[in-house]
Structure formats: structure tokens, C-alpha cells
Amino acid sequence: METLINAAIPWAFGFPKFNTSNKHRVKPRTVRCLRKNDEVNGLFEAPSQMDLEGHAHMKMSQSPESDPDTKHNEIWQLFREAQRNILYLNKQRLMAVEELKKAKTEKEMLLDRIQKLEEENQADAGKDKLSILWDLLLRIDSMVLKGMIDTGEASDFRRLVMNSNAIVADVFFDIMQRKDVELLAELRHFSDKNKRNGFHIVHICTEMVPVVSVGSLASYVTGLSHALQRQGNLVEVILPKYASLDLDEVQGLREIEAEFYSYFNGQLQGNRIWTGVVYGIGVTFIQPVHYSTFFTRERLYGYPDDFERFSYFSRASLDYIVKSGKQPDVLHIHNWETAIVGPLFWDVFVKQGLGGTRIMLTCHDFGSQCLEQPDKLALCGLDSSRLHRSDRLQDNTKGHLANILKGGVVYSNKVVIMSSMHSKASIIHSLSHGLESTFTIHKDKLLIAPYGFDKFTWDPSRDKFLPENYTADNMKGKAVCKVALQQHLGLTEHASVILVGCIFSEVSDVDLENLKEVVLIASRRDVQFVFTRLSKVPSKNTSLDSFLEEIKDENVRFIDKCDEALSHLIFAGSDIILCPSFHDPMLQVPLKAMRYGAAPIAITSIGKRFRHVVDHDLQSTKLSQFLNTTFAYMSLNEALDEIKSNSMQWNQKIMDAMTKDFSWDAECYDIHISAYTALKNL
């Protein structure tokens, strides 16, 4: 590649080579600048020595007495012309050198760009293979709905795709555009049916990054699904077809041309089914026909008929799974919005070919549990007289109402509570929002799992947004990133200056009075600060404006709108990242900070230093245990003291944190795969 590029770079100037072996030297012809109309490239050919001698002889014959002044002037004229020629040639030489430098730089940039493109092409090739697999699986679903194959054959085909995914992607790459009849013939011809080892998991949920996102559920579904698929499991997602979906992120979106009905409000209701691939994950979208306004609204949640909307979707999802012949190992449901799947599954669907399927519920927030009149359960086909009991759906406090989230807990085989910082005991007894008695009864099936982050996007050793990459073993690149960040922000550029970042999504997440106290104390020590809000749209906030005015200083910067590249640079260039909370399911700031060699420090003043401390319970996560022994009890002032007085100990802490894996693929994955295994063995 480099040889081709070298050959393609033209030389600005060529310099002739002379044969010095000739015995008879030919004197060079004098060259000098010719002005005005006779100029040719700034040079012209002067007379030869012979011409000059002949000219002089003629002058001597005409005037026997030569004029010394004339000769002197001619010599000086020749000397000046020679000087001008030398200067001109030197200028041309310098221009040639600059052109060569420029060409070399362009060549290096081109080689670097080619390398990055090759890496991207390799990554895209992997994504394309995964997309082919999911396109094939979704076509199988379509064949079942159209009546082309039965559910047993569909199940065999799915196992075939899961077992031989690499071969299948190559075999079916060129025939995916064929009609279903031809594709079915190829599937039947492809006879390898080895037993699969991975799990088949179906998420029935209401959010997924990047197509629709409001809270922590969206990143969790996508992050966990990726981690599971990387280990050979088959994961798919069922979502409502909101009007607000970002369909640009859906690859191969198509509507299945088959009638599909689901039960609701005493009769069968028509639905349109759409399928596609999102980030390599197969996704099915359910669009109601008669109740078309259920998912065409401005917001996802917060309407008086939310129970009707999401119970419709939950029932339709189960009807779709049965109709398409899917037999997943696990139906994974989330929060109260799809918790009704638990009672529906065991009361209505378990005997419809789903005897080997089990239910897992994930809870992200107990603040919203959905309390409804018991008779509304009949809308989706449930018998309220059987379910409105204290050991089932009856609310623990308001006995006349049904608690939908409680029903999900009771009717699920496993319940995973997402919390990076709290133990099972503290959640049951302090954070259960009225569900303490229910959790106590079902505590054996409760698990606590931490959130994670995408370790492939957030990796300083290969982050494309950084001016120089680095690792825990070689931190030189981090100093380069700090200087680049300082330069971008207009701060004093020096790697030895301590730089503190603070990243948040909403002003309401931050205790500004507490933060002001922390910043004012630290600013006396010549610390640099950068505050940024990761918001899509900049907005005015009176309390924030007042805060910024009070901490105004030459070493303080605020960025109201931060793009992806700058957010990566802030993590890489900061020594410390101030965190509103260590429990940060939305942005995962503490996890990214540790990954990039920045210490996560809680925004805690001296008088409130234990505000964000995690508990010591042995049932807490490995993440909380690590934070508890490193950064949890440390204030910003104490961190600054340790950097100054015990830099070796501080650097060791930073390197230890960088080498820990707190991504979706680590502890979060391990807990979920352990739960799936336990479910399979029930």
C-alpha cells in the first residue's frame, strides 16, 4: 500500500545527474534572470565564454583601448545576476522541500485513514453477518404467520441458524432477496441441525437504545442483549411501534404481510407486525389497528390509560410469540409496563406450546407500580376474582386496588433488581416502596445486578475521538488528552495542573449548593474545572446561571451542549470526575470515569461526606464493593491531598480502576446468565 502511494506522489522538481567521468569538461553556460518581455520561468541563457570572447575581440578591434570602468560594470552586473539566480534557485529548493513535507504528511494521513477504513469494514462485515442472521430469523417468523410452515419446523430452523450462524450467514448472503418459497426451499436443503447450547431470550419491553429511549431501561436492554449475543445466545426484542421511533436506526424494516390478531376488551383486535434489525438484534414492532392511538402520542408514559395501552401490548406480544411458533427459554419482562405478562403467561399461555419457557422480571424503579381497579384485568383476559388476593395482585396498602408490578414479582420465576450501589437487604427494607412484605416472601428469587456500559465504545486504548490513545500500562496518552482538552477550553495548557470534570444530564440531578461549596474550596488550589450537561437541546436554567456566576473564574468552564467527541475527551483529559451519584443508570459516569483513568468522586461537602456512601452488605454487587474500598468515602479535597502528597498510591488506585471490567459483559452478564441457567433447571 505504501509503495503504491509513494509511486503516486509526483516530485515537484527533478535534478539532472551529470557524468563526471568525461575528460573534456564543457564549461557551463552562464544563466541569469531576464526581465520584462523576454522572461522565461525567471531564467534565460546567457552568452557562452566563446561568445563573450568574440564580442570582446570585436570591441577591441573597433576600439584598441578598452574602458576599465565598462569592464568593471559588466563584472558587477554579472555578479548581481548570479546572486539573483542563486536566491531564486534557493527559493525554489525551499518550496520543493515544503512540497515534499506536505506530500509526506498527506501520505501518512492517507495511510492512517486507510487503516481506519479497513478496521471499520471489518466491523461492518461482522454487523452484516449478524444482520443476515436476524433477517433470516424474522423471515422464518413471517413464514409461520403466513402458514407456510408449522411451529415445529420453525423451531428447528431457528436452532439451525443459532448453531451454524457463521456458515448460515455465508450460505444465505446472496439469496436473502428471494421470495419466501425459494428461501424456504434453501432452508430445508440446509440440513445441519446440531443441538444448540445458548439460551433463546425474548425481551418484551417498552424502550431500547437507539430507537426509543426515556430512562435507564433503554440502554440496559441493548447493552445486555449485545453481551448475551456475543456469548452465543439468541436475543430478540418486542416493542410497541411508537410514532416517535427513530426508524433510521432500524435495518431492513419490513411489514409482515399476514393477518395477526390479539385479544383485548372481549374480542380479537387486528395488528400490523413490523420486523427489522437494530444494532445486530432482531426486533419486532407491534402496531394496533383499532386502538391506533395507543402509541402515536407525544410521550411514551404519563397518560390516564397507560394500563390499557401496555396491557394491550403485553397480551399482543404473547399472542404473537404463540402464533409465530417461538419457544424461547426465557421471556424477559421489565418494570410494571410489561409485568402483566407474568400472570397472563401462567393463567393463559403456558399450555399453548410454552411449557419450557420461564419468566424473568427486571425492576429498574419501584416508584411507579401501576395501581388499577381489579376489574380492568379482564381487558387482557385475566380473571380478577382469582388474582385480587393478598398473595397475588392485591396492593399491600390500598387493598381495593390491583398492583401490576406486584403481580409481576409474584408470577415471575426470577426477579432482577437493577442497582449498582445497594444490597438486597437495603432494597427490601428501605427502598421497596410498599413491597417489603412481597419481597420478603419472594426473597429467594430476588437478585441484584449492577448497570454496565459499552466497553467497545468507551475504551481509551482505541477511542477514535482521542488525540492519542493510552492504557493503564502506558498513560502518556492521557497527558496528551489533558493538554488537548485545556487547549479546546482555553485553559492554561499544562499536564501537571489538576483538571476536574463534572458531567450530568439534568440540573435537577445536581445539588448546586453543595457543588458550589466543593468548587470554591478546591478553586483556591489552582484546580481547573469543566462542567458539561449532556443534553440534546441547550436550555436556560435560573439556578444554574446563578451557580455559574458565583463560581466564575479563569479556571472554570461550562459547556451547555456537549457532543460525543468532546464528552470522550473530557473523560480522558480529567484527573477527577465529580459524580452527582454513584448510582447512575442513565449516563454511567462513574464507570466511564474509572475506565478512562479519572477518579469518580461524589459531590459531597465536608459536612455531608457520607451522603453517597454505599452499604457493606455482602449481598451487594462487586462494583459497589470496589467503589466502597477506593473512592466512596473520599471528598474532592481529600482526593487533591492524596494526588499531591502520595502520588504513587493515587496512581495505583487509578490503574487498578482502569483494569476492572464493569461493562455489560462482566458482572451484569454473569448475574443474568446465572439466572437464566437456574430458570432452565426449574
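# Questions about a predicted structure

User: Does glutamine 588 count as buried or exposed?

Analyst: In this predicted model, glutamine 588 has a relative accessibility of 7%. The cut-offs are under 20% relative accessible area for buried, over 50% for exposed and in between for partly exposed, with a 1.4 Å probe and protein chains only. At 7%, therefore, glutamine 588 counts as buried.

User: Where is glutamine 588 found?

Analyst: Its phi is near 55 degrees, a positive value in a residue other than glycine. Glutamine 588 sits in the loop between β18 and α19.

User: What is the mean pLDDT of the protein chain?

Analyst: Residues are numbered from 1 along each chain as its sequence is written, and side-chain values use heavy atoms, without hydrogens or water. As this is a predicted model, local features need pLDDT of at least 70 and side-chain atom pairs count only at pLDDT 80 or more, while totals for chains, interfaces and linings use all residues. pLDDT is the predictor's confidence in each residue, from 0 to 100. In the protein chain, 82% of residues reach 70 or more, and the mean is 84.

User: How many contacts beyond four places in sequence does the model have for residues 123–127?

Analyst: Over that stretch, pLDDT stays under 50. Where pLDDT is low, the predicted coordinates should not be read in detail.

User: How much of the protein chain do buried residues make up?

Analyst: The chain folds into 23 helices and 19 strands. Of its contacts with a separation of 6 or more, 73% join residues 24 or more positions apart. Out of the chain's 682 residues, the buried share is 49%.

User: Which residues have the most contacts inside the largest nonpolar core?

Analyst: A nonpolar core is a set of buried Ala, Val, Leu, Ile, Met, Phe, Trp, Tyr and Cys residues joined through side-chain atoms within 4.5 Å. In soluble globular proteins, nonpolar side chains tend to be buried together. Here, the largest core has 94 residues, and those with the most contacts inside it are Ile204, Met208, Leu377 and Tyr676.

User: How many residues are in the second, separate core?

Analyst: Starting from methionine 208, its contacts beyond four places in sequence include Val221, Leu239 and Ile281. The second core is separate and includes Leu512, Val518, Leu544 and Ile601. Its residue count is 69.

User: What separates the C-alpha atoms of isoleucine 201 and glutamine 327?

Analyst: Isoleucine 201 is found in strand β3 (residues 200–204) and is buried, with a relative accessible area of 0%. Beyond four places in sequence, isoleucine 201 touches residues including Leu228, Val330 and Tyr676. Glutamine 327 is 126 residues away along the chain, yet the C-alpha separation is 9.5 Å.

User: Is the pair of phenylalanine 626 and phenylalanine 662 stacked or tilted?

Analyst: Rings of Phe, Tyr and Trp (its six-membered ring) pair if their centres lie within 6.5 Å; planes under 30 degrees apart are stacked, over 60 edge-to-face and the rest tilted. The structure holds 25 aromatic pairs; in one of them, phenylalanine 529 and phenylalanine 531 are stacked, 5.9 Å centre to centre with 5 degrees between the planes. For phenylalanine 626 and phenylalanine 662, the centres are 5.8 Å apart and the planes at 45 degrees, so that pair is tilted.

User: Which cysteine has its sulfur nearest to cysteine 502?

Analyst: Cysteine 502 counts as buried, at 1% relative accessibility. A search of the whole structure finds 0 disulfides (a disulfide being a pair of cysteine sulfur atoms within 2.5 Å). Cysteine 502 is in none, and at 7.9 Å the nearest cysteine sulfur is that of cysteine 579.

User: How many residues of helix α18 are buried?

Analyst: Helix α18 covers residues 564–573 and is mostly covered. Its buried residues, among them Leu566, His568 and Phe571, pack against elements including α15 (476–489), β16 (528–533) and α19 (589–595). Of the 10 residues in α18, the buried number is 8.

Conventions. Contact means heavy atoms within 4.5 Å. Helices (H or I, at least four residues) and strands (E, at least two) are DSSP runs, numbered from the N terminus.
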